[in-house]
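Let's take a walk through a protein together.

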Amino acid sequence: MKRLLTAAVALIVTAGAALADPVEGTWQTQVDEGNFAFVEIKPCGDKFCGTISRTFNSDGEWKSGNIGKNLVWDMTAKGNGDYGDGKIWQPSKDKVYKSKMSLNGDRLNVSGCIGPICKKQTWARVK
């Protein structure tokens with residue numbers, strides 16, 4: 001009976017890990033005005049949000065006041081590695097844009113738009 005219970009718990013834990021969305025994890029942004037960040041993307045309700053976990057400048061890692069702030073929120077999984085209907089904040093300009101993302105292996109193509117004007121970055125998976 002003990003073995004059966006242990007096997008059941010292992011199956012549940014393994015299944016939970018297998019169900020994690022591929023976009024979940026830590027992503028490195030591209031450099032923006034000399035700085036970049038690590039962003040932790042996790043579920044937030046039925047959508048995805050990305051929180052700044054570490055920040056870097058030309059001197060290396062530094063403790064920005066932006067650590068812990070949402071960079072991405074309200075991203076909805078659309079299927080086939082596409083996410084949309086979200087928002088993204090550009091800290092260097094303190095602007096919020098409509099956003100979408102597209103996952104391609106260990107690269108995440110992120111765009112933020114105001115009207116027809118869009119800015120794009122490609123983020124690299126850290127872990």
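Counting the bonded cysteines along the protein chain, the disulfides follow the pattern 1-2, 3-4. Keep in mind that you are looking at a predicted model. The count of disulfides here comes to two.

Let's start with the bond that joins C44 to C49, where the distance from S to S is 1.9 Å. Is this disulfide right-handed or left-handed? The torsion about its S-S bond is about 75°, so the disulfide of C44 and C49 is right-handed. Now look at how its two ends sit in the protein. C44 has a relative accessible area of 28%, so C44 is partly exposed. C49 has a relative accessible area of 12%, and because buried means under 20%, C49 is buried.

The other bond links C113 with C118, with 2.0 Å from S to S. Here the torsion about the S-S bond is about 105°, so this disulfide is right-handed too. C113 is buried, at 17% relative accessible area, while C118 is partly exposed, at 38%.

Next, let's turn to the core. Which residues have the most contacts inside the largest nonpolar core? They are I41, L71, M101, L108 and W123, in a core of 19 residues. The elements that each give two or more residues to this core are β2 (36–44), β3 (47–57), β5 (70–79), β6 (82–90), β7 (95–104) and β8 (107–114).

To finish, find I41 in the structure. Leaving out residues up to four places away in sequence, I41 touches several partners, among them M101, L108 and W123. I41 also touches C49, the cysteine that is bonded to C44.

How values were computed: Residues are numbered from 1 along each chain as its sequence is written. This is a predicted model: local features need pLDDT of at least 70, side-chain atom pairs count only at pLDDT 80 or more; totals for chains, interfaces and linings use all residues. Side-chain values use heavy atoms; hydrogens and water are left out. A nonpolar core is a set of buried Ala, Val, Leu, Ile, Met, Phe, Trp, Tyr and Cys residues joined through side-chain atoms within 4.5 Å. Buried means under 20% relative accessible area, exposed over 50%, partly exposed in between (1.4 Å probe, protein chains only). Helices (H or I, at least four residues) and strands (E, at least two) are DSSP runs, numbered from the N terminus. Contact means heavy atoms within 4.5 Å. A disulfide is a pair of cysteine sulfur atoms within 2.5 Å.
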